[in-house]
Amino acid sequence: MKQDIHGHTVLNLLLRAEKPLSRLQLEGMIESEFGSEVCFHTCSQQGLTLTELLDFLLSKKKVVELDSGLTANPERICNH
C-alpha cells in the first residue's frame with residue numbers, strides 16, 4: 001500500500017533545504033525518507049504523483065522554479 005503524503009511535507013522539505021533543489025534531488029529526498037511507494041494529496045486533491053503535486057504547487061506559486069532548482073515560496077504557504 002502506498003504511503004499518502006500531504007503536500008505540506010514536500011513544501012517543508014523545500015523550506016529546510018539550504019539551496020534550491022532539482023526535481024531529481026527532491027525525488028531522492030522523498031524516496032530516502034518515505035520510500036518509493038508514495039502518493040501525495042493536498043487540501044483539495046488526492047492521489048497525486050510527485051510530478052502532479054509539483055505542477056499544482058507551481059501553478060499556485062507555492063513552489064517557484066529557478067534556474068538553480070525548486071524552492072518553496074513561504075509567503076504563499078497556508079498554515080493549517
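Begin by selecting lysine 62, which is buried yet has no salt bridge, the nearest side chain of opposite charge being that of glutamate 75, 13 Å away. Here buried means under 20% relative accessible area, exposed over 50% and partly exposed in between, with a 1.4 Å probe and protein chains only. A salt bridge is a side-chain nitrogen of Lys or Arg within 4 Å of a carboxyl oxygen of Asp or Glu; Lys and Arg count as positive and Asp and Glu as negative, while His and the chain ends are not counted.

This is a predicted model, in which local features need pLDDT of at least 70 and side-chain atom pairs count only at pLDDT 80 or more, whereas totals for chains, interfaces and linings use all residues. Residues are numbered from 1 along each chain as its sequence is written, and side-chain values use heavy atoms, with hydrogens and water left out.

Staying with lysine 62, what does its side chain reach? Show the backbone oxygen of arginine 76, which the side chain of lysine 62 reaches at 3.4 Å. Then display the residues in contact with lysine 62 (heavy atoms within 4.5 Å), which, leaving aside neighbours within four places in sequence, are Leu11, Leu57, Thr71, Ala72, Asn73, Arg76, Ile77 and Cys78.

Lysine 62 sits in the loop between H3 and strand S3 (63-66); helices (H or I, at least four residues) and strands (E, at least two) are DSSP runs, numbered from the N terminus. Select lysine 61 in that loop, and note that, just after H3, lysine 61 takes a positive phi of about 60°, although it is not a glycine. Most residues other than glycine have a negative phi. Is lysine 61 buried or exposed? Lysine 61 counts as exposed because its relative accessibility is 52%.

Next, select valine 63 in strand S3, which is buried, with a relative accessible area of 1%. Setting aside residues up to four places away in sequence, valine 63 touches Leu11, Leu14, Leu57, Leu58, Leu70, Thr71 and Ala72.

Now turn to H3 itself, whose buried residues are Leu50, Leu53, Leu54, Phe56 and Leu57. They lie on the same side of H3, because they cover an arc of only 160° around the axis, the arc being that of the directions from the helix axis to the C-beta atoms. These buried residues pack against helix H1 (7-16), helix H2 (23-34), S2, S3 and strand S4 (69-72).

Terms used: A polar contact is a pair of N or O atoms within 3.5 Å; within protein, one must be able to donate a hydrogen and the other to accept it, and residues adjacent in sequence count only if both atoms are side-chain atoms.
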